[in-house]
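Keep the viewer open and click along as you read.

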Amino acid sequence: MRRSLIVDTHASSCFFRTSVGDGERKALVQITERCNLHCAHCFVSSTRTGVDISLDAFAEVVLPRLREAGVERITVTGGEPFVHPDLVAICRAVNDVGISVGI
Ligand code: SF4
């Protein structure tokens, strides 16, 4: 059963407005610091320069640790995740281990 994002006492959602069921966990993974835009409100101060996580590091280190931690949903973020050259492969790796993925 999915939890409501808004309850009587507070709005329980994070900025990315995704939710998981009771006892489940979610994670936001910043796969790149880079972004092709430069919004004044950017809370990660992204620019055109920055570091990307490698596909190998994501698939061999980050993803196994998130599985071990019981994460059921991953939101891939940045920066701008679409500037990462391996975005599709990263999403496929998440999907292949049975975790729900969003961008
Ligand atoms: S990461 Fe998002 S908020 Fe930040 S500059 Fe890029 S588009 Fe704007």
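## The overall layout

Going along the sequence, the chain runs β-α-β-α-β. That makes 2 helices and 3 strands in total, where helices (H or I, at least four residues) and strands (E, at least two) are DSSP runs numbered from the N terminus. The model is predicted, with local features needing pLDDT of at least 70 and side-chain atom pairs counting only at pLDDT 80 or more, while totals for chains, interfaces and linings use all residues. Residues are numbered from 1 along each chain as its sequence is written, and side-chain values use heavy atoms, with hydrogens and water left out.

Of the 103 residues in the chain, 28% are buried; buried means under 20% relative accessible area, exposed means over 50%, and partly exposed is in between (1.4 Å probe, protein chains only). The accessible surface of the chain is about 6,900 Å², and carbon and sulfur atoms hold 52% of that. These areas come from the Shrake-Rupley method with a 1.4 Å probe, and for residues only the protein chains shown count as cover. Among contacts (heavy atoms within 4.5 Å) in the chain with a separation of 6 or more, 59% join residues 24 or more positions apart.

## Helix H1

H1 covers residues 55–68, which is 14 residues. At 1.5 Å a residue it should span 20 Å, and the end C-alpha atoms sit 19 Å apart, so the two agree. The expected span here is 1.5 Å times one less than the number of residues. There is a bend of about 30° at valine 62, with proline 64 following within four residues. That bend is the angle between axes fitted to the seven residues ending there and the seven starting there.

Which residues of H1 are buried? They are Phe58, Leu63 and Leu66, and they pack against strand E1 (25–30), strand E2 (71–77) and helix H2 (87–96). Just after H1, glycine 70 has a positive phi of about 80°.

Valine 71 is part of strand E2 and counts as buried because its relative accessibility is 8%. Leaving aside residues up to four places away in sequence, valine 71 touches Arg25, Lys26, Ala27, Leu66 and Ile99. Take arginine 25: valine 71 is 46 residues from it in sequence, but C-alpha to C-alpha the two are 4.5 Å apart in space.

Valine 20 lies in the segment before E1. At 6% relative accessibility, valine 20 is buried too. Valine 20 and valine 71 are separated by 51 residues in sequence and by 9.4 Å in space, C-alpha to C-alpha.

## Around the ligand

Which residues are around the ligand? Cys35, Leu37, His38, Cys39, His41, Cys42, Ser46 and Gly79 are, each with a heavy atom within 4 Å of it. This shell splits into 4 nonpolar, 4 polar and no charged residues. For that count, Ala, Val, Leu, Ile, Met, Phe, Trp, Tyr, Cys and Pro are nonpolar, Asp, Glu, Lys and Arg are charged, and the others, Gly among them, are polar.

Most residues other than glycine have a negative phi, and most peptide bonds are trans. Glycine 79, in the loop between E2 and H2, is joined to glycine 78 by a cis peptide bond with omega near 20°.

Serine 45 is not a glycine, yet its phi is positive, at about 50°. Serine 45 sits in the loop between E1 and H1 and is exposed, with a relative accessible area of 58%.
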